[in-house]
Amino acid sequence: MTVQHFTPEGMMQPTPYHHVAVGKGATHVHVSGQVARQADGTPVAPGDLAGQVAQALRNTALGLAGAGASFADVLRLTFYVTRWSPDKIGDFMAGVEAVAEEIGLPLPMPPASLIGVEYLFEPDVLVEVEATALLD
């Protein structure tokens, strides 16, 4: 296996992600920030954080697949969420859980960071997802 995910004893648990990823391989795959847009740019799930998380992850899966990778190869995920507050975690996780099986996203997820931002590039974009993967 190229990537091994785990959470060592003594680190905070439970979390919806592993704390550590160890990757061995030669090819790095970086998927740029994906948002809730269809291929033609049409917005998906306006105003719906869960829906936008799900679509951004679907788009991330497409980017990985285009490089011959999958979420099994992902070392790290980074989520940027506009106007973040802790009360949004339920909607955020609902979006992750709604699409995880469909796109092969393991739960718990690979190491992940959720970063609250004031604004992304368009006013209707609530979330953006970046992924880093490693292939043999």
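**Entry 1: the core**

I began with the largest nonpolar core, which has 30 residues; Leu57, Leu64, Phe71, Leu77, Phe79 and Leu105 touch the most other members. I then looked up where this core comes from: strand 3 (27-34), helix 1, strand 4 (74-82), helix 2 (89-103) and strand 6 (127-135) each supply at least two residues. Helix 1 gives the most, with 7 residues. I jotted down the general background too: in soluble globular proteins, nonpolar side chains tend to be buried together. A reminder to myself here is that I am working with a predicted model.

Next I picked leucine 64 and listed its partners, skipping residues up to four places away in sequence. I found Val29 and Val31, then Ala69, Ser70, Phe71 and Val74, and finally Ala131 and Ala133.

**Entry 2: the whole chain**

I stepped back to get the overall layout. I counted 2 helices and 6 strands in the protein. Reading along the sequence, I wrote the order down as β-β-β-α-β-α-β-β.

How does the radius of gyration sit against that of a compact globule? For 136 residues, a compact globule would have a value near 14 Å, and the protein has 14 Å, so the two agree. I also noted the span of the C-alpha trace along its principal axes, which is about 40 × 35 × 25 Å.

What share of the residues is buried? I get 41% of the 136 residues. For contacts with a separation of 6 or more, I find that 75% join residues 24 or more positions apart.

The accessible surface comes to about 7,000 Å², and carbon and sulfur atoms hold 54% of it. I looked at the charges as well: there are 6 positive and 15 negative ones, and their mean positions are 4 Å apart.

**Entry 3: asparagine 59**

I went back to helix 1 (residues 49-66) and stopped at asparagine 59, which has its place there. Is asparagine 59 buried or exposed? I put asparagine 59 down as buried, because its relative accessible area is 11% and the cut-off for buried is under 20%. Leaving out residues up to four places away in sequence, I see asparagine 59 touching Gln34, Val35 and Arg37.

**Entry 4: valine 117 and arginine 83**

My next stop was valine 117, in strand 5 (residues 112-117). With a relative accessibility of 21%, valine 117 counts as partly exposed. I checked its contacts, setting aside neighbours within four places in sequence, and found Tyr80, Val81, Thr82, Arg83 and Trp84. Tyrosine 80 is 37 residues away along the chain, yet its C-alpha atom and that of valine 117 are separated by 6.4 Å.

Arginine 83 sits in the loop between strand 4 and helix 2. I noticed that its phi is near 45°, a positive value in a residue other than glycine. Beyond four places in sequence, arginine 83 is in contact with Lys88, Val117, Glu118, Pro123 and Leu126. I also looked up tyrosine 119, 36 residues from arginine 83 along the chain, and found their C-alpha atoms separated by 7.2 Å.

Proline 14 lies in the loop between strand 1 (3-6) and strand 2 (20-23).

I found a cis bond from leucine 107 to proline 108 as well, with omega near 5°. Proline 108 is in the loop between helix 2 and strand 5.

I placed alanine 45 in the loop between strand 3 and helix 1.

Key. Residues numbered from 1 in each chain as written. Predicted model: local features only at pLDDT ≥ 70, side-chain atom pairs only at ≥ 80, totals over all residues. Heavy atoms only, no water. Helix = DSSP H or I, 4+ residues; strand = E, 2+ residues; numbered from the N terminus. Rg over C-alpha atoms; globule rule 2.2 N^0.38 Å. Buried < 20%, exposed > 50% of the residue type's maximum accessible area, 1.4 Å probe, protein only. Contact = heavy atoms within 4.5 Å. Areas by Shrake-Rupley, 256 points an atom, 1.4 Å probe, with all protein chains shown as cover. Lys, Arg positive; Asp, Glu negative; His and termini not counted. Charge placed at Lys NZ, Arg CZ, Asp CG, Glu CD. Core = buried A, V, L, I, M, F, W, Y, C linked by side-chain atoms within 4.5 Å.
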